[in-house]
Amino acid sequence: MYPIFDAHTHVYPERIAQRAAINFANFYHFTVAESGTFESLLSCEKKAGIGGMLLLPVATSWKNVDKINESAASWAALARKAGFQAWAFGSVNAECPDLSAVLSHIESLGLKGIKLHPDLQGEAVDSPRLYPVYEWLEQKGLRLYLHVGDDRPTVDGSSPERVATVARDFPKLTICAAHLGGYRVWDRAERVLMGRYDNVWYDCATTLDVVDPARGKALIETCGLDRVFFGSDFPAISPEVSLSEFNRLDLDETARKAILHDNLLRFLGEELL
């Protein structure tokens with residue numbers, strides 16, 4: 001049996017976890033399911049029978065970027081010591097006064113790429129200020145992981161259209177468009193993003209709780225069964241609940257294994273056993 005991977009998780013230092021979770025919930029107008037601490041993540045993944053995870057930090061202020069990236073690398077190492085397969089991305093902020101130093105630090109920590117949440121960070125994904133980051137990732141062969149989508153007209157920084165622009169401008173950059181390419185705007189994502197770019201991958205985090213199983217399967221097939229991986233969006237949703245939602249989909253075992261295990265390894269450039 002293969003280990004199941006949770007490709008979309010967020011954790012926070014214990015002293016700020018509650019506040020961070022509340023801020024996140026307030027932005028999206030829902031209640032988070034879990035506390036958001038590292039200990040809670042490991043406990044929830046173990047309970048769900050999940051054997052590995054990808055940690056995705058988001059730096060909402062440039063002042064704590066280095067500390068956030070160091071914590072992500074440390075948590076991934078601790079998860080591996082606890083018996084999980086684990087990887088982490090770093091984060092940057094467009095306001096960083098010395099962006100090159102931040103990028104060098106990310107490389108030195110052995111992080112797999114950079115996660116951006118354009119709406120929370122206040123910088124549109126296709127902002128010229130972020131293009132040097134994408135050029136650097138492309139040059140280093142590292143990955144870009146993006147929150148994508150929002151159905152509120154005033155929240156547009158991560159729209160599928162903007163992500164498509166980045167995918168076109170950086171065809172050699174490997175990108176994950178989270179939430180099946182557009183949280184709550186999947187119709188738009190189908191028109192401009194899904195299955196249209198060879199360098200774009202997708203996760204199904206915070207999607208299968210919104211759409212019915214038939215629609216979820218159809219969206220995954222449009223993205224490509226070899227291009228989607230499972231994610232819970234912990235602490236927003238419990239990994240156990242997310243996995244239960246995924247298991248409702250009418251997929252054969254080949255597709256299930258690809259989404260739950262193989263595709264994340266391929267996206268990260270890891271060896272597929």
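Mentor: Happy to. Let us begin with a term: two strands pair if DSSP finds at least two bridges between them. Helices (H or I, at least four residues) and strands (E, at least two) are themselves DSSP runs, numbered from the N terminus. Please keep in mind that this is a predicted model, in which local features need pLDDT of at least 70 and side-chain atom pairs count only at pLDDT 80 or more, while totals for chains, interfaces and linings use all residues. Residues are numbered from 1 along each chain as its sequence is written, and side-chain values use heavy atoms, with hydrogens and water left out.

Now to the sheet. Five strands form an open sheet in the order β4-β5-β6-β7-β8, and their pairing is parallel. At its edges stand β4 (113-116) and β8 (228-229); each has a single partner strand, so one side of each is left without a neighbour in the sheet. In general, strands of a sheet pair through backbone hydrogen bonds, either parallel or antiparallel. The partner of β8 is β7 (residues 200-203), joined to β8 by two bridges.

Next, the helix. Helix α10 covers residues 239-247 and holds Ser242. Ser242 has 4% relative accessibility, so this residue counts as buried (under 20% relative accessible area, with exposed over 50% and partly exposed in between; 1.4 Å probe, protein chains only). Setting aside neighbours within four places in sequence, Ser242 is in contact (heavy atoms within 4.5 Å) with Phe230, Gly231, Ser232 and Ile237.

Glu245 is also found in helix α10. Its relative accessibility is 15%, and therefore Glu245 counts as buried. Not counting residues up to four places away in sequence, Glu245 touches Leu208 and Asp209. For a sense of distance, Glu245 and Leu99 are 39 Å apart in space, C-alpha to C-alpha, and 146 residues apart in sequence.

Finally, step back to the whole protein. There are eleven helices and eight strands in it. Of its 273 residues, 58% count as buried. Among contacts between residues at least 6 apart in sequence, 77% join residues at least 24 apart. Along its principal axes, the C-alpha trace spans about 50 × 40 × 40 Å.
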